[in-house]
Amino acid sequence: MEGVAVFSVERFPRPFLTLLHLIHRWVQVQQQLEKSYLAVSTASVDTLWQTIMNLADVSWHPLLTSTNAPQGLKPKPGLIYRAFTKICPIPVKIFVERVQPHELISVRVLPIPGLEERVTYHLKSTVRGTQISYSVTLRGWLSPLAWSLLRPYAAKVASALAEAAEHPDLLEGPNSRFQVW
């Protein structure tokens, strides 16, 4: 074969190849990170659902500061809106994938090339109260870096949602982070 460069494994030192294999394996494993968080709330499923469905008011969310969704807009599959996060001032696109009323909403967050985040809120009424499940899945080669930044915020989302639904009066007033842009 003329004009084609063929690389032989014998040309590279063994420690270098071992390091390359380790890096390749780490990238394969780290391309998808998943974590779920649970919280139990005394608020009803309806109250929690209304809090999640109000896309214009994300003052309860530990990661989001604002969205461009107009007041009263309800999420439905196919809806795309923008949000600002506490981590960076660049808006991220949020795509609503699935909505099962009073039970589940799944969105895909597309912050930057090389990273994709899927977030699912699942509500379930139990004897102890309403169970909130917040699941995060990160995909892409930037997921390990993103996870190191997002982890402290993600751990607080389910409990912050429960708190907001149980005490909506704490979200209103001069200390509210609600913004419209």
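The model is predicted, so local features are given only at pLDDT of at least 70 and side-chain atom pairs only at pLDDT 80 or more, whereas totals for chains, interfaces and linings use all residues. Residues are numbered from 1 along each chain as its sequence is written, and side-chain values use heavy atoms, with hydrogens and water left out.

**The largest pocket**

Begin by selecting Leu63, Leu64, Thr85, Val109 and Glu117, which are the closest to the centre of the largest pocket among the 31 residues that line it. The space in this pocket comes to about 580 Å³. On a 1 Å grid over the protein atoms alone, a pocket is an open set of points with protein on both sides within 12 Å along at least five of seven lines, a cavity is a set where a 1.4 Å probe fits but cannot get out, and lining residues have an atom within 4 Å of a point. Grid points are joined across faces, edges and corners, and a volume is the space filled by probe spheres set on the points.

Next, colour strands S3 (80–85), S4 (92–100), S5 (104–110) and S6 (116–126) together with helix H3 (143–166), the elements that give two or more residues each to the pocket lining; helices (H or I, at least four residues) and strands (E, at least two) are DSSP runs numbered from the N terminus. Helix H3 gives the most, with four residues. By class, the lining has 27 nonpolar, three polar and one charged residues, where Ala, Val, Leu, Ile, Met, Phe, Trp, Tyr, Cys and Pro count as nonpolar, Asp, Glu, Lys and Arg as charged, and the others, Gly among them, as polar.

**The cavity**

Now select His61, Leu63, Glu117, Tyr134, Val136, Leu150, Tyr153, Ala154 and Val157, which line the largest cavity. There is one cavity of 30 Å³ or more, and the largest holds about 40 Å³ of space. Strand S7 and helix H3 are the elements that give two or more residues to this lining, with H3 giving the most, four residues. The lining divides into seven nonpolar residues, one polar and one charged.

**The aromatic cluster**

Show the side chains of Trp60, Tyr121 and Tyr134, which form one aromatic cluster. Rings of Phe, Tyr and Trp (its six-membered ring) pair if their centres lie within 6.5 Å, and planes under 30 degrees apart count as stacked, over 60 as edge-to-face and the rest as tilted; the count comes to two aromatic pairs. Trp60 and Tyr121 have ring centres 6.4 Å apart and planes at 70°, so this pair is edge-to-face. It links distant parts of the chain, with Trp60 in the loop between helix H2 (45–53) and strand S2 (64–67) and Tyr121 in strand S6, 61 residues apart. Tyr121 and Tyr134 have ring centres 5.2 Å apart and planes at 50°, so this pair is tilted. Tyr134 lies in strand S7 (residues 129–139), so the pair with Tyr121 in S6 ties together parts 13 residues apart in sequence. Trp60, at 9% relative accessibility, counts as buried, as does Tyr121 at 10%; buried means under 20% relative accessible area, exposed over 50% and partly exposed in between (1.4 Å probe, protein chains only).

**Two serines**

Finally, select Ser66 in strand S2, which is buried with a relative accessible area of 1%. Then move to Ser143 in helix H3, buried with a relative accessible area of 0%, and follow its side chain to the backbone oxygen of Gly140 at 2.8 Å.

Definitions and conventions. Polar contact = N/O pair within 3.5 Å; in protein donor to acceptor, adjacent residues only side chain to side chain.
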